[in-house]
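Visitor: I'm new to this one. Can we go through the aromatic residues?
Guide: Fine. Here is the structure.

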Amino acid sequence: MKKLLAAICAAGLLISGCGGEEAQEEAFEDFPTRVKAIKVLTTSAPLTLSYSGQVVDRDEMNVQSKVSGSVVEKYVKGGQDVVEGQRLFKIDDRQYQSAVLQAEANLAQSQTNLAKERVDLHRYEELWQSNAISEQMLTNQRVAVRSKEAEVAANEAILQKAKDDLADTIVYAPMSGRLGIDDVPVGTLATAGNTPLATIGLVDPVFVQFAVSEQEYLRLSRQEENPNAQFRISLTLADGSKYPYRGEFAEYDRTLGKETGTLTIRTIFKNPDGLLVPGMYARVEIAGLSIPNAMLVPERALQQLLGETLVIVAQSDNKSAVRKITLGEKIGSYYIVKSGLKADDWVIVEGLTNLRDGMPLEVTQVTAKDMGFSFTTDEKIFDVQQNATK
């Protein structure tokens, strides 16, 4: 009996050695592969756009002196918050005080001269009425009075200018905001209208700017015109934390960049605690958009081969079919499909990795909730009604 069993086993080994591999492949091809498939999703898909943004001052300007001279006193320090009209610097005012005194003296002298000429004019008018002087002498005196009046007016203007210069030796904050730390030290020689003494900018609210493509700009513009559109603009900071305030669209640049082909957009965010600092980078996310009648497949169903994106479809005859597709935006666990699939296709998401057409399948139909697919990473699982499962 033992010899008979050994002979049977030996015969089996001979058979497997002569064409046994082909027989095994045919046997495996006849045996269906167990897979899970999900129906292509066609819906109005929520879209969140994400950009790398940078915080910029809402307004920024250089603080300069209106008069020239050495900085002799500082009333503030770099990085300090200031209010409009607050004193910042003092310019050496000695020469301007002297100019005021000189202008006052010149004005007093010209006023005295004017008074004398007016007295002479009054006397000349009386003499002319009694024919004691010629009309030409009276005319000449009237011209002399007008000349002295002009001299007084000129000296008044010079005095006013001297007083203004003296007042301008105190440099005030032109706006409320925060000073930069690039303020000049005491002793700096400031040239009027040329030497920056400090920079100042508003820190609440602030702009966050980023660049969008032409297509994304058109999408945002059209969505913004929709009265039902509700944009939600949020920030993710460099440490991964979420900024607590939402932003709003503020400004659009007037032209696309010639080299980049992008458009700069600015959003505005409240910054009461001063957490956002100009120059800081953050991730800007714009939610509230939607793509109507979008066709989506899970990322898990995609396979890459020689630069092409492929999916495997479970056909109605329970056999596999490889399809080449073109992708659009990524939305959570999904990608938008621009071409290559139909709305009633079922794509395999688990169980088949070999790209082969015509393989027999044992298909288990699943839903997005079954597989944990969602439109965003932090929202509840999107529970899709799969009509074809019924």
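Visitor: Is Phe373 buried or exposed?
Guide: Phe373 counts as buried, because its relative accessibility is 6% and the cut-off for buried is under 20%. Keep in mind that this is a predicted model.

Visitor: And Tyr334, buried or exposed?
Guide: Tyr334 is buried, at 2% relative accessibility.

Visitor: What do Tyr334 and Phe373 form?
Guide: An aromatic pair, edge-to-face, with 6.2 Å from centre to centre and 75° between the planes. Tyr334 belongs to strand S19 (residues 334-339) and Phe373 to the segment after helix H6 (368-371), so the pair ties together parts 39 residues apart in sequence.

Visitor: How many aromatic pairs are there in the whole structure?
Guide: The search finds 7 aromatic pairs. One of them joins Tyr243 and Phe269, whose ring centres are 6.2 Å apart; their planes stand at 75°, so this pair is edge-to-face.

Visitor: Where do Tyr243 and Phe269 sit in the chain?
Guide: Tyr243 is in the loop between strand S12 (232-236) and strand S13 (248-252), while Phe269 is in strand S14 (residues 262-269). They are 26 residues apart, and the pair links distant parts of the chain.

Visitor: Buried or exposed, Tyr243 and Phe269?
Guide: Tyr243 is buried at 7% relative accessibility. Phe269 is buried too, at 0%.

Visitor: Which residues form one aromatic cluster?
Guide: Tyr217, Phe231, Phe249 and Tyr252 do.

Visitor: New topic. What lies over the face of Tyr75?
Guide: Arg87 does, 4.2 Å from the ring centre.

Note on methods. Residues are numbered from 1 along each chain as its sequence is written. This is a predicted model: local features need pLDDT of at least 70, side-chain atom pairs count only at pLDDT 80 or more; totals for chains, interfaces and linings use all residues. Side-chain values use heavy atoms; hydrogens and water are left out. Rings of Phe, Tyr and Trp (its six-membered ring) pair if their centres lie within 6.5 Å; planes under 30 degrees apart count as stacked, over 60 as edge-to-face and the rest as tilted. Helices (H or I, at least four residues) and strands (E, at least two) are DSSP runs, numbered from the N terminus. Buried means under 20% relative accessible area, exposed over 50%, partly exposed in between (1.4 Å probe, protein chains only). A charge sits over a ring if NZ of Lys or CZ of Arg is within 6 Å of the ring centre and within 35 degrees of the ring normal.
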